[in-house]
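The report below treats the disulfides and the annotated active site in turn. Please read it alongside the coordinates.

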Amino acid sequence: MRLSLLFPVLSPSLLVLSQTLSSYISTEQPIAKTNLLANIGAAGVKAPGAKPGIVVASPSTVNPNYYYFWLRDGSLVFKYIVDEYVSGRDTSLLSHINDFVAAQTILQGVDNPSGTAAAGTNLGEPKYYVNETAFLDSWGRPQRDGPALRITALTTYANSLLAANNKTFVTNSLWPIILKDANYVSSFWNQSTFDLWEEIQSSSFFTTAVQHRSLREAITLANAIGQTSQVSAWTTQANNILCFLQSYWNPSAGYITANTGGGRSGIDANTVLASIHTFDPNAGCDATTFQPCSDKALSNLKVYVDSFRSVYSLNSGVAESSAVSTGRYKEDVYQGGNPWYLTTLAVSEQLHLALKTWSTAGSLTITSTSLPFFQIFSSSVTAGTYSSTSSTYTTLTSAISTYADGFISIVQKYTPSNGGLAEQFDKSSGVPVSAVDLTWSYASALTAFNARAGLLSNSWGAKGLSVSGTCQSNAGPTVSVTFNVQATTSFGENIFITGSDPALSSWNPSSAIALSAANYPTWSVTVKLPASAGIQYKYIRKETDGSIVWESDPNMQITTPASGSVTENDTWR
Ligand SMILES: *[C@@H]1O[C@H](CO)[C@@H](O)[C@H](O)[C@H]1NC(C)=O
Ligand SMILES: *[C@@H]1O[C@H](CO)[C@@H](O)[C@H](O)[C@H]1NC(C)=O
Ligand SMILES: *[C@@H]1O[C@H](CO)[C@@H](O)[C@H](O)[C@H]1NC(C)=O
Ligand SMILES: *[C@@H]1O[C@H](CO)[C@@H](O)[C@H](O)[C@H]1NC(C)=O
């Protein structure tokens, strides 16, 4: 008897690990929640000056200064808060939610460098001062995921109010915000955007995925409250967005390309975050919406995680079947280019959501697309469907569960003793770096812990959607831009323009747009460009021998107006 106590059935190291992990989670969960709320005005102790319902991205004011409200961060944080409220886990959060609603009504009325409230183009603005005024300095704008994420937070709240027969508040206070945001998504989804890391202007998987989800939610709510005037237009665009979403998948390399521009591998936490933030507990392992357990999202997850195995010294020597620290993307250099807490936690969250979905379904399916992922855990496994009563299912899910927990264990290892979560941890030493108390880091810990505990968000209608055969685009509003450039040329030499928008040949000099010399030495052309868009361009000379001379750096930049036309007067540089 005594001997058996010395040799327990579970390996001692595993037992210790899981005990340590659950004790970490039970200690960290309340710290994360307290620190998250501390960053929200007006009462938050680390958010002085922030208006009610305004989320400060981090209390850090220097290197980096994150003392702003970002619509993306704020909406993701409030999605967590709303989920806690509507699930009944914490009804004390209601006043924060109503503060958030009131703050968003104000922000939607603020004219800013992305556009005007009258045209609705201001909604693409990524960040504001915490006193609800416009941030006027140059920035990567517009960022078109913000209105979508706000729709998701607010429709989740609206649905719970409808279930409680409180349609009045939904119609009078929530619907006006959601209507503006949904019209914005519907009109502008097909125009370029800065990605969630605010670096690349192109099309971005995260943005497209959350836009798709948000329009479906807005349509369902519109029908529920009888505000159906936009439903048909939004449904057309939701179908178009879902079609476009498929195009990010790279079938030969088995991952989702995060951005269509930017000149990187495109392997990026963008895609993992998109999968968890568009999770639908009723959609099973649907691959058209890249559900966490879909073959595409799992293949992508393996490629993403493995891309960090050789870039951080923290990860050296770790076996392929074990978790490693992950960051935004392997080419990252921002603040030293380190692993991030929220991206490492997102991997765990995707895997726990997948495990929960398989458990509910009573089986898991391996396809040729997801086979490399499953082979991490069993080299001999083959494609097929495995019932939860099979030994293959048990072997795989228990190994995946251990692997998923490993990502939280890494965060545990690099959490300082006060439980604070910064933005990053050093890739060699593991010490916290960059912004302290990042609100999004806390939200990501709380949602990862919920997923592990099987506490899931509500469905948004992802089940049973089908993709149309040919994708339709949506130009959205355009404006006429006349480009005039003073340039003296020699005989046979001609001036062309190229730039970041498809109407400017997407930087392809061989299809650049010719300018007319009718008013020589002013060369001129008028082009239709997307309204309220930041567009970069350069003039080029094509020589008689066919060679090309570019203008000197940097690129020229314009922000197009919301409507009407504009003339740019440049001189060749
Ligand atoms: C809002 O905050 C910004 C940044 O601190 C400040 O420059 C601006 O004057 C403030 N505006 C108002 C109306 O308080
Ligand atoms: C409806 O919800 C709002 C916001 O929470 C609340 O102020 C109001 O009292 C509710 N009305 C009813 C009838 O429950
Ligand atoms: C617009 O949609 C079309 C059709 O899906 C797609 O080919 C194109 O890349 C999209 N462009 C942008 C900027 O979203
Ligand atoms: C360019 O010149 C035209 C006519 O000379 C003028 O109307 C226009 O405002 C100028 N554009 C800018 C951006 O200054």
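## Disulfides

Cys 243 is buried, because its relative accessibility is 4% (buried means under 20% relative accessible area, exposed over 50%, and partly exposed in between, with a 1.4 Å probe and protein chains only). Its partner in a disulfide is Cys 471, with the sulfur atoms 2.1 Å apart, where a disulfide is a pair of cysteine sulfur atoms within 2.5 Å. This bond joins distant parts of the chain, 228 residues apart, with Cys 243 in helix H8 (residues 231-246) and Cys 471 in the loop between helix H14 (439-452) and strand E11 (478-486); helices (H or I, at least four residues) and strands (E, at least two) are DSSP runs, numbered from the N terminus. Cys 471, at 47%, is partly exposed.

## Basis of the model

The model is predicted, and local features need pLDDT of at least 70, side-chain atom pairs count only at pLDDT 80 or more, and totals for chains, interfaces and linings use all residues. Residues are numbered from 1 along each chain as its sequence is written, chains are lettered from A and ligands numbered from 1 in the order in which they are written, and side-chain values use heavy atoms, with hydrogens and water left out.

## Annotated active site

The unreviewed UniProt entry annotates Asp 195 and Glu 198 as "active site"; positions follow the numbering used here, feature names are shortened, and annotations may be inferred rather than shown by experiment. Asp 195 is buried, with a relative accessible area of 0%.
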